[in-house]
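Dear colleague,

Please find below the structure that I am handing over to you. My notes on what was found in it follow directly after.

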Amino acid sequence: MDKLIIEGGTPLEGAIEVNGSKNAALPILLSSILLESPQTFRNVPDLRDIHTTRKLLELLGLHCAYDCERHEMRMEPGPLVPEAPYELVRTMRASVLCLGPLLARLGQAKVALPGGCAIGARPVDQHLKGFEKMGASFELEQGYIVGRCDRLRGAEITLDMPTVGGTENLIMGASIAEGETVLHNAAREPEIVDLANFLNSCGADIQGQGSSTITVRGVPKLIGADYAVMPDRIEAGTFLVAAGITGGRLFVKNCPMQALEAVVLKLQAMGMAFREEDGGVWASIDGPIQPCDLKTQPYPGFPTDMQAQLMAMMCLASGTSMVDERIFENRFMHASELVRMGARISITGHSAVVRGVPKLIGAEVMASDLRASASLVLAGLAAEGTTQVRRIYHLDRGYERIENKLCKVGAKIRREHEID
Ligand code: UD1
């Protein structure tokens, strides 16, 4: 297992580039199960979850070739196999997104119940409820969800909560179903818009993406060609915080500012300044970090995937901040590690109170999930002395060679292999 060793205290300066979005790429790649023609995807980040997705698609019968230097994935359809095995699904929860495409193409799917980040129970009941409305029936067999239908039929579906994965799964299933599906209380995340745009580029008829009512008129088949995945708003947001927490100045290339609006507003309240230029945004901070309060919400609210990174910055603010985590229970695992670096954080239920301290001090800390890992790296960049972030395999699920990117803008950070 690898660890990162960070010598903190250097303000980051220079240009840093944002890759394609992991959370957009996963459903988009899995939606190629729906296609009846070869497809090239561009801007696909070189991440562990992407390699897992490629393996899964190959097991499901597609031919995939991934050029990770060029960030290009080439897919060719093949005879489909309806089973997503536990060995893969347990390492990546998003694997459950093959359920909709398989049901739509084959009328059957056997998908292991997902694992993934240890940030809460994360059920898939809304996915199943939606497909049941579309005519599918499910049984649980030895840890596998087994779904069957003659053909998915369009339906009126109201989600209990705006689930991102649920919305994506149902859109994919509905795209080649018989008739019209209307999804109420749909999630509005930009990655869903990217998925819908991709499917529409293949001939689907999806409208309303980005709003809470999405209408999908089923078409007989989808024919793809070439598509570039949107930039990663969470990676971009992490780099914005890197500029702020180190007191540096970064030009974040391909930063999707519109998709990051809620994050940018909070960072401005914390004292950061942003100037958009062709191809990116300059991010800097003048003066001390100001405290702020935030509550995570579905898009367009503040994203839960940026909560841990903002909390790292709040640790160094000149006052007290509050965090209210409303999406996932158990998503404060970074807090106890930040406390080991000198932070003053107290947690009650889904709320955290962060009392700013003048400095953080390097320590050995343990990464527990993807965004928690990012928050510890950010804290390490700002801390006095050496921080070792252990168990960074989580980080590699969502950030492409983050240490190389950060080194290029002045960070002192290296990767070491450790034997457990
Ligand atoms: C996606 C993102 C993840 C992000 C999350 C919330 C991907 C691959 N992952 O995860 O990075 O943190 O959105 O923005 O895009 N829920 C149910 N029943 C369901 C589905 C969801 O109760 O059937 C609950 C979950 O437990 C959670 C909330 O709904 O409390 C949101 O989950 P959801 O939006 O589905 O997150 P994911 O799609 O898993």
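**Findings**

Phe274 lies in strand E16 (residues 272–277); helices (H or I, at least four residues) and strands (E, at least two) are DSSP runs, numbered from the N terminus. The model is a predicted one, in which local features need pLDDT of at least 70 and side-chain atom pairs count only at pLDDT 80 or more, while totals for chains, interfaces and linings use all residues. Residues are numbered from 1 along each chain as its sequence is written, and side-chain values use heavy atoms, with hydrogens and water left out.

With a relative accessibility of 18%, Phe274 counts as buried; buried means under 20% relative accessible area, exposed over 50%, and partly exposed in between (1.4 Å probe, protein chains only). Leaving aside residues up to four places away in sequence, Phe274 touches Leu240, Met257, Val264, Leu267, Gln268, Val281, Trp282 and Ala283, where contact means heavy atoms within 4.5 Å. Ile327 is 53 residues from Phe274 in sequence, and their C-alpha atoms are 28 Å apart in space.

Val229 is found in the loop between strand E14 (226–228) and helix H8 (233–245). At 4% relative accessibility, Val229 is also buried. Its contacts, again not counting residues up to four places away in sequence, are Ser21, Ala24, Ala25, Arg42, Asn43, Val44 and Asp194. Val229 and Ser21 are 208 residues apart in sequence, yet 6.6 Å apart from C-alpha to C-alpha.

I turn next to the strands. Two strands pair if DSSP finds at least two bridges between them. Strand E1 (residues 2–7) runs antiparallel to strand E24 (residues 412–417), joined by six bridges; Asp2 has His417 as its bridge partner in E24. E1 is also joined by four bridges to strand E23 (residues 386–390), again antiparallel, and Leu4 has Val389 as its partner there.

An open sheet of four strands has the order E10-E11-E13-E12, with mixed pairing. Its edge strands are E10 (156–158) and E12 (205–207), each of which pairs on one side only. On average, neighbouring strands of this sheet are turned by 15° against each other, direction ignored; axes are lines fitted to C-alpha atoms, for helices over the stretch in contact, and angles run from 0 to 180 degrees between N-to-C directions. Within the sheet, strand E11 (residues 180–184) and strand E13 (residues 214–217) pair in the antiparallel sense over four bridges, and Leu183 is partnered with Ile214 of E13. Helix H6 (residues 164–175) packs on this sheet, touching E10, E11, E12 and E13, and its direction makes about 25° with that of E13.

H6 also packs against helix H7 (residues 190–201), at an angle of about 10° and with the axes 10 Å apart. Val164, Thr167, Glu168, Ile171 and Met172 of H6 meet Glu191, Ile192, Leu195 and Leu199 of H7.

Finally, the cysteines. A disulfide is a pair of cysteine sulfur atoms within 2.5 Å, and by this rule the count is zero. For Cys64, the nearest cysteine sulfur, that of Cys98, is 13 Å away; Cys64 is buried at 11% relative accessibility. The sulfur of Cys315 is too far for a bond, because the closest cysteine sulfur, in Cys292, is 12 Å away. Cys315 is buried as well, with a relative accessible area of 0%.

With kind regards
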